[in-house]
Amino acid sequence: MMANMGTPHRSSLHVRKPNETMRLLVTTFVGIVFGFFLGVSFPTISLSKMNISSNIFPSIDLTYLEDKYSGISTQALLNVWSSLKGNRGNMHKSNCTKIWSPTNPRGAERLPPGIIASESDLYRRRLWGLPSEDLIIRPRYLVTFTVGYEQKKNIDAAAKKLSENFTILLFHYDGRTSEWDEFEWSKRAIHVSVRKQTKWWYAKRFLHPDIIAPYDYIFIWDEDLGVENFDFEEYIKLVKKHGLEISQPGLEPNSGLTWQMTKKRDDTEVHKETEERPGWCTDPHLPPCAAFVEIMAPVFSRDAWRCVWHMIQNDLVHGWGLDFALRKCVEPAHEKIGVVDSQWIVHQTVPSLGNQGQAENGKAPWEGVRERCRREWSMLQDRMTAAQRAYFLEMGIDPPNSTAR
């Protein structure tokens with residue numbers, strides 16, 4: 001009898017009433033919700049690495065739970081869930097406020113694009129007043145001379161022919177800058193001084209295309225140029241008229257040794273081709289018969305200079321060989337490179353930079369400078385040939401026999 005009575009008693013220990021089961025489920029659920037709510041309430045605990053799926057809780061029928069367990073209303077549960085979602089939203093919003101704009105210039109990706117100033121200028125600014133009122137006129141052309149004080153008469157003559165449309169920039173290779181204050185125009189010019197450097201060294205370091213972007217044309221001239229028969233404004237008009245991207249004034253035919261291409265002609269405003277000695281030109285559209293100007297007085301459009309600047313080598317400072325390579329920066333080169341005949345100059349061929357050299361191994365200073373000039377010409381040609389060959393091979397194209405010229 002006691003055995004029969006004990007069996008039902010053991011069975012009753014394993015059977016739960018339905019309302020107890022539901023109460024357990026609700027309690028568990030509330031505990032989970034409360035645990036999440038409690039966790040996000042502490043600022044020391046980061047949820048940035050938690051990925052709480054929004055599909056977990058909406059699948060639960062809250063109305064059913066309210067009917068079965070009236071201690072927690074549907075609204076209360078929704079409030080808890082809204083709080084959780086709100087915290088997740090704030091966390092996501094915080095991550096989105098970090099700026100990363102891959103279209104910005106390299107290194108500036110963390111800045112809002114609207115604040116980016118990717119270009120600059122050489123315009124002088126006041127130390128007072130409104131920035132918007134600093135400039136009465138914005139010069140459109142830049143003229144640079146690499147100078148020593150001994151050639152001040154040439155530079156003074158040229159500067160006095162420049163209108164307010166031109167910015168003057170002097171590169172001083174002899175370190176004498178303050179002495180130029182004797183000229184009124186010099187007080188408005190920009191002066192950069194580094195001893196014993198060439199104009200191409202200066203150009204590579206101080207004439208970056210993003211610095212001189214406001215200028216339509218850039219004159220990069222030597223100091224030994226006579227400008228008695230030259231007008232800068234008229235020259236610009238002719239360059240625009242004939243569509244020249246790279247140009248130079250014609251040279252007075254008797255002013256020292258020069259190429260046939262750069263000698264002034266009397267019967268035309270501009271010429272773009274010439275005839276040289278037999279065998280010098282393999283193609284009438286190639287240097288030195290066309291697509292060619294010399295490096296003592298070149299003038300570049302803004303777009304052409306952007307290309308040329310990238311071609312200038314940091315260590316090949318004399319620029320020899322550049323005149324044969326400039327054609328690679330415009331297309332078609334034999335139409336966009338030319339010599340302006342009706343505005344001409346005299347090249348005085350003053351060996352000023354030669355005197356800045358150093359005597360070595362029994363050689364005079366100018367001899368060492370000239371030797372390096374010739375060496376740089378060969379080095380530039382070799383580098384250009386190698387670079388072009390590597391490009392064609394990478395593209396799966398047979399390299400031409402010679403691409404340097």
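This is a predicted model: local features need pLDDT of at least 70, side-chain atom pairs count only at pLDDT 80 or more; totals for chains, interfaces and linings use all residues.

Start by selecting valine 369, which sits in helix α11, residues 365-394. Helices here are DSSP runs of H or I with at least four residues, strands are runs of E with at least two, and both are numbered from the N terminus. Is valine 369 buried or exposed? Valine 369 is buried, with a relative accessible area of 16%; the word buried stands for under 20% relative accessible area, exposed for over 50%, and partly exposed for what lies in between (1.4 Å probe, protein chains only).

Residues are numbered from 1 along each chain as its sequence is written, and side-chain values use heavy atoms, with hydrogens and water left out.

**The whole chain**

Zoom out and colour by secondary structure. The chain has 11 helices and 9 strands. Of its 405 residues, 38% are buried. The accessible surface comes to about 24200 Å², and carbon and sulfur atoms account for 53% of that; such areas come from the Shrake-Rupley method with a 1.4 Å probe, and for residues only the protein chains shown count as cover. Take the contacts between residues at least 6 apart in sequence: 70% of them join residues at least 24 apart. Contact means heavy atoms within 4.5 Å.

**Two packed helices**

Next, select residues 199-206 and 302-311, which are helices α6 and α8. Two packed helices are described by the angle between their axes and the distance between those axes. For α6 and α8 the angle is about 110 degrees and the axes are 10 Å apart. The angle therefore makes α6 roughly perpendicular to α8. Axes are lines fitted to C-alpha atoms, for helices over the stretch in contact, and angles run from 0 to 180 degrees between N-to-C directions. Under 35 degrees counts as roughly parallel, over 145 as roughly antiparallel, 65 to 115 as roughly perpendicular, and the rest as oblique.

Which residues of α6 meet α8? Show side chains for Trp200, Ala203 and Lys204 in α6, which meet Trp305, Trp309 and His310 in α8. The residues of this contact divide into 4 nonpolar, 1 polar and 1 charged. In that scheme Ala, Val, Leu, Ile, Met, Phe, Trp, Tyr, Cys and Pro are nonpolar, Asp, Glu, Lys and Arg are charged, and the others, Gly among them, are polar.

Stay on α6 a moment. Helix α6 is mostly covered, with 6 of its 8 residues buried: Lys199, Trp200, Trp201, Tyr202, Ala203 and Lys204.

Step back to lysine 196, in the loop between β3 (190-193) and α6. Lysine 196 is not a glycine, yet its phi is positive, at about 55 degrees.

**A buried aspartate**

Select aspartate 156 in helix α5, residues 152-159. Aspartate 156 is buried, with a relative accessible area of 10%. Leaving aside neighbours within four places in sequence, aspartate 156 is in contact with Phe183 and Trp185.

**Backbone stops**

A cis peptide bond joins proline 287 and proline 288, with omega about 0 degrees. Alanine 291 is in the loop between β7 and β8 too. Phi of alanine 291 is near 55 degrees, a positive value in a residue other than glycine, and alanine 291 is buried at a relative accessible area of 1%.

Then move to proline 332, in the loop between α9 (322-325) and α10 (333-336). The peptide bond from glutamate 331 to proline 332 is cis, with omega near -5 degrees.

**Last stop: the loop between α4 and β1**

Finish with isoleucine 116, in the loop between α4 (74-96) and β1 (141-147). Isoleucine 116 is partly exposed, with a relative accessible area of 26%. Not counting residues up to four places away in sequence, isoleucine 116 touches Asn104, Pro105, Ala108 and Leu111. Threonine 103, also in the loop between α4 and β1, is exposed at 72% relative accessible area. Draw a C-alpha distance from threonine 103 to proline 113: they are 10 residues apart in sequence and 8.3 Å apart in space.
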